[in-house]
Amino acid sequence: MNSSETSAGTSLKPFGWNMEVVIGVLVSLLAIASLFFSYKFPSTGLATDIGAARFPQIYAGALLVLCALLISRHLIKSKQPPAQEAEAPAVQEEVRSYRRAFVGIASSVLALAAMPYLGYGVVTSCYLSFLMWLMGMRHKLWNPLLAVLITATLYFTFSAGLNVPLPLGSLFE
């Protein structure tokens, strides 16, 4: 075994091009471009309107923080001696499942189609609970509870915080 290989058989290049770094840099550039162009968004002048630029700026700031964490994690991991990496337990590779990916995409399309009829709250709660189950979190209590909490957080963020109306659904009007 070469000194630059880990127990899983993958090699780490301390200062080479790594996809984590490339993705972090590309997404950071996208976030910086989003910040630059969102400052030119027009404001409405209403006291209750936070402006169209607020959401892209918050999102871009979060992306920059996450990209910095990704790149710094890679740099810290690449500076560790190979002996420490060899002692770490090998992570099993995830088996690709195209069927699960197709079901996830189809459920997204179905959720978008059902939202005008059933409304944001019902559709998003069911959709998130199903996606958690599809991704392997199969708890009968936590899936629906987390889905409802995430849906409520998103609802209050967008409707109260950003003044974005969300669909109520034609069945509930």
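Author: Let's start with one term: a contact means heavy atoms within 4.5 Å. This is a predicted model, so local features need pLDDT of at least 70, side-chain atom pairs count only at pLDDT 80 or more, and totals for chains, interfaces and linings use all residues. Residues are numbered from 1 along each chain as its sequence is written, and side-chain values use heavy atoms, with hydrogens and water left out.

Reader: Happy with that. Which residues does Thr124 touch, not counting those up to four places away in sequence?

Author: Thr124 touches Met115 and Thr151. Thr124 itself sits in helix 5; helices (H or I, at least four residues) and strands (E, at least two) are DSSP runs, numbered from the N terminus.

Reader: How many helices and strands does the protein have?

Author: There are six helices and zero strands, so the order from the N terminus is simple to write: α-α-α-α-α-α. Of the 173 residues, 21% count as buried. Among contacts with a separation of 6 or more, residues 24 or more positions apart account for 61%.

Reader: How do I check the length of a helix, say helix 1?

Author: The expected span is 1.5 Å times one less than the number of residues. Helix 1 (residues 19–38) has 20 residues and should span 28 Å; its end C-alpha atoms are 28 Å apart, which agrees.

Reader: Which residues of helix 1 are buried, and what covers them?

Author: Val21, Val22, Gly24, Ser28, Ala31 and Ser38 are buried, and their cover includes helix 2 (54–79). Ile23, also in helix 1, is partly exposed at 45% relative accessible area. The C-alpha atoms of Ile23 and Cys67 are separated by 8.2 Å, although these residues are 44 apart along the chain.

Reader: What should I look for in a salt bridge?

Author: Side chains of opposite charge can pair when their charged atoms come close. The cut-off here is a side-chain nitrogen of Lys or Arg within 4 Å of a carboxyl oxygen of Asp or Glu. A search of the whole structure finds two. In one, Arg73 pairs with Glu20, with the closest N and O atoms 3.0 Å apart. That pair links distant parts of the chain, Arg73 in helix 2 and Glu20 in helix 1, 53 residues apart.

Reader: And what is the distance between the closest N and O atoms of Lys77 and Glu20?

Author: They are 3.9 Å apart, and this pair is a salt bridge too. Lys77 lies in helix 2 and Glu20 in helix 1, so the pair ties together parts that are 57 residues apart in sequence. Glu20, Arg73 and Lys77 are therefore linked in a network of salt bridges. Arg73 is partly exposed at 46% relative accessible area, and Lys77 is partly exposed at 31%.

Reader: Which residues form the nonpolar patch on the surface?

Author: Patches are made of residues with over 30% relative accessible area and no salt bridge: like charges are joined within 9 Å, nonpolar side chains (Val, Leu, Ile, Met, Phe, Trp, Tyr) within 5 Å. Here Met137, Leu141, Trp142, Leu145 and Leu149 form one, with about 480 Å² of accessible area together. Areas come from the Shrake-Rupley method with a 1.4 Å probe; for residues, only the protein chains shown count as cover. Leu141 lies in the loop between helix 5 (120–134) and helix 6 (142–161), and is exposed at 55%.

How values were computed:
Buried means under 20% relative accessible area, exposed over 50%, partly exposed in between (1.4 Å probe, protein chains only).
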